[in-house]
Amino acid sequence: MTQAELAAEFAAMHIKGDPLVLYNIWDAGAARVIVEAGAKAVATGSWSVAASQGFEDGEELPLEMVLMGVSRICKTVTVPVSLDFEGAYAMGPTGVAKNVQRVLKLGVVGINFEDQMVGGKGLHKTEDQAKRIAAAREAADEFGVPMFINARTDVFLREGNRDWHSGLMPQALERIEAYAAAGANGIFVPGLADPELIRTIVGSTELPVNAMMLPDGPTATELAEIGVSRISYGPAPYRQAMQDLAVRYLDAISTPITE
């Protein structure tokens, strides 16, 4: 299957009410495990990828290491691969376009692309982020692959007090409309846990909506009923895997060694 065909297949997996479940991975080994377990597609999580190499999230992991890691993933599995590309390691549209083409050359068919200023303060202005999305869209079109741009807004993620999330809806809806017009294929609203607010997001756009599983948020079944098209797990799989590793290590050193 060609890269363009994989991209089209990936886009078709986003079905309202029957969401694509992406159990975010961090390297080629983890990707292989979940594909062998039946995953139809794989997606990295930037937090997990960085942590697996001893770095903090927020583009602290050097771009060359990101490229090396996703290259190995694309060479290891035959299913569609989506990259959590944070802010594309660039501020302006020209840099975004250049880096998008770099990951496309490695076999990626989708990206998460966030609107917070990575390493800075606050969010990109709506019109600026729209230009960045348009640059990514144009770069993918020039490359000949209908890359799935999952436009992430961190309006809710950056506000820890969920009581204030309803008041942030006008800003979020404005951004969603602008991102859709700029060429985004999907909308990602991490940090949003209120079912009715998620339902409002779903009803506001024709684009597939991606929600993140949260310990105190809606279940996967509830998110499907709300109408989301994609569910992701963020850093949770990596954290659980590392906790399991620590437990097994403690079990190993507590077991008496006998001849």
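Strand S5 is joined to strand S6 (residues 186-188) by 3 bridges, and the two strands run parallel. Two strands are said to pair if DSSP finds at least two bridges between them. The names count DSSP runs from the N terminus, a helix being a run of H or I of at least four residues and a strand a run of E of at least two. Across this pairing, arginine 152 stands opposite phenylalanine 188 in S6. S5, helix H7 (residues 169-182) and S6 make a right-handed β-α-β unit. A crossover is right-handed if, with the strands pointing away from the viewer, the path from the first strand over the helix to the second runs clockwise.

The model is predicted: local features need pLDDT of at least 70 and side-chain atom pairs count only at pLDDT 80 or more, while totals for chains, interfaces and linings use all residues. Residues are numbered from 1 along each chain as its sequence is written, and side-chain values use heavy atoms, with hydrogens and water left out.

S5 also pairs with S4, in the parallel sense and over 5 bridges. Here isoleucine 149 of S5 is the bridge partner of isoleucine 111. Between S4 and S5 the chain passes through helix H6 (residues 126-143), and this β-α-β crossover is right-handed.

Is S5 (residues 148-152) enclosed or exposed? Because 5 of its 5 residues are buried, S5 is largely enclosed by the rest of the structure. Buried means under 20% relative accessible area, exposed over 50%, and partly exposed in between (1.4 Å probe, protein chains only). Phe148, Asn150 and Arg152 point one way from S5, Ile149 and Ala151 point the other way, and all are buried.

The next step is the whole sheet. It is an open sheet of 8 strands with parallel pairing, in the order S1-S8-S7-S6-S5-S4-S3-S2. At its edges are strand S1 (20-22) and strand S2 (42-43), each of which pairs on one side only. The partner of S1 is strand S8 (residues 230-232), which pairs with S1 in the parallel sense over 3 bridges. In this pairing valine 21 stands opposite isoleucine 231 in S8.

The protein chain as a whole has 10 helices and 8 strands. Of its 259 residues, 49% are buried. Its C-alpha atoms fill a box of roughly 70 × 40 × 35 Å, taken along the principal axes. The radius of gyration of the protein chain is 18 Å, which agrees with the value near 18 Å for a compact globule of 259 residues. That radius is taken over C-alpha atoms, and the globule rule is 2.2 Å times the number of residues to the power 0.38.

Glutamate 86 lies in the loop between S3 and helix H5 (93-104), and alanine 88 is found in the loop between S3 and H5. Phi is near 50° for glutamate 86, a positive value in a residue other than glycine. For alanine 88, phi is near 65°, again a positive value in a residue other than glycine. Glutamate 86 counts as buried because its relative accessibility is 6%. Alanine 88 has 0% relative accessibility and therefore also counts as buried.

What remains is the empty space. Rolling a probe the size of a water molecule over the atoms shows where such space is left. On a 1 Å grid over the protein atoms alone, a pocket is an open set of points where a 1.4 Å probe fits, with protein on both sides within 12 Å along at least five of seven lines; lining residues have an atom within 4 Å of a point. Grid points are joined across faces, edges and corners, and a volume is the space filled by probe spheres set on the points.

The largest pocket has a volume of about 590 Å³. It is lined by 28 residues, and Leu157, Met212, Gly234, Pro235 and Arg239 are the closest to its centre. Helix H3 (46-52), strand S4 (110-114) and helix H10 (236-254) each supply at least two lining residues.

The second largest pocket holds about 260 Å³ of space. Among its 23 lining residues, Val49, Leu61, Met65, Val66 and Gly69 lie nearest its centre. The largest share of this lining, 7 residues, comes from H4.
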